[in-house]
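Reader: Hi! I have a chain open in my viewer and would like to talk it through. Could you help me read it?
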Amino acid sequence: MMKNATKGKIIKAAAVSIDVLVPLIATITQFPIWVEQSGEATMSGIFLMLAFFSCLPFLKQIREYIKSPSVLVIWCIIYVFLIVLKNIINQMVVVCFAGLIANAIGAGIYKLGEAVSKKEDDT
């Protein structure tokens, strides 16, 4: 006969699996659309990645400049950031919603696993 501590660990592992797998599956199903949806979405994602890697050598200088930027620079940074995000936001909404639901369910299951673990075994 399985002990309650073991049952609790299995239930908690199931909860964590739900917490991880549902958002992962949502991501996998949504982001092929990101590539196929339009050339702009693909370009924005690639641009964001390449721009980040391109700026790595100048990270220290960029940090110093950002410490006291002009208002024009702040608006420009926000604008570019939002343009890049605009192309992937619909897919991220689906992923975040799936994660929200999965983690709510997973939290309840995890609490159940804790309760089962704390319960004394029948002898």
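Reader: Let's begin with contacts: what share of those with a separation of 6 or more comes from residues 24 or more positions apart?
Author: Such residues account for 88% of the chain's contacts with a separation of 6 or more, where contact means heavy atoms within 4.5 Å. This is a predicted model, in which local features need pLDDT of at least 70, side-chain atom pairs count only at pLDDT 80 or more, and totals for chains, interfaces and linings use all residues. Residues are numbered from 1 along each chain as its sequence is written, and side-chain values use heavy atoms, with hydrogens and water left out.

Reader: Thanks! What is the mean pLDDT of the chain?
Author: The mean is 78, and 72% of the residues reach 70 or more; pLDDT is the predictor's confidence in each residue, from 0 to 100.

Reader: And which elements have the lowest and the highest mean pLDDT?
Author: Helix α2 (residues 39-55) has the lowest at 61, while helix α5 (residues 89-118) has the highest at 89.

Reader: How many helices and strands are there?
Author: The chain has five helices and zero strands, giving the pattern α-α-α-α-α along the sequence. Both are DSSP runs numbered from the N terminus: helices are H or I with at least four residues, strands E with at least two.

Reader: Back to α5, then. What span should its 30 residues have?
Author: At 1.5 Å a residue they should span 44 Å, and the end C-alpha atoms of α5 are 42 Å apart, which agrees. The expected span is 1.5 Å times one less than the number of residues.

Reader: Which residues of α5 are buried?
Author: They are Q91, V95, A98, G99, A102, G106, G113 and V116. Buried means under 20% relative accessible area, exposed over 50%, and partly exposed in between, using a 1.4 Å probe and protein chains only. Over the 123 residues of the chain, 18% count as buried.

Reader: Let me pick G106 from that list. What does G106 touch?
Author: Not counting residues up to four places away in sequence, G106 touches A15, I18 and D19. G106 counts as buried because its relative accessible area is 0%.

Reader: Nice. Where is I11, and is it buried or partly exposed?
Author: I11 is in helix α1 and is partly exposed, at 22% relative accessible area. Leaving aside neighbours within four places in sequence, I11 is in contact with I109, L112, G113 and V116. I11 and L112 are 101 residues apart in sequence, yet 7.4 Å apart in space, C-alpha to C-alpha.

Reader: What about N4, buried or exposed?
Author: N4 is buried, with a relative accessible area of 7%. N4 also sits in helix α1 and touches V116, S117, K119, E120 and D121, not counting residues up to four places away in sequence.

Reader: Switching to the surface: which residues make the nonpolar patch?
Author: V16, V20, L21, L24, I25, I28 and Y110 make a patch of about 620 Å². Six residues, the largest share, come from helix α1 (residues 4-37). V20 is partly exposed, since its relative accessibility is 48%.

Reader: And the accessible surface of the chain, how many Å² is that?
Author: About 9,400 Å², of which 74% belongs to carbon and sulfur atoms. Accessible areas come from the Shrake-Rupley method with a 1.4 Å probe, and for residues only the protein chains shown count as cover.

Note on methods
Patches are made of residues with over 30% relative accessible area and no salt bridge: like charges are joined within 9 Å, nonpolar side chains (Val, Leu, Ile, Met, Phe, Trp, Tyr) within 5 Å. A salt bridge is a side-chain nitrogen of Lys or Arg within 4 Å of a carboxyl oxygen of Asp or Glu.
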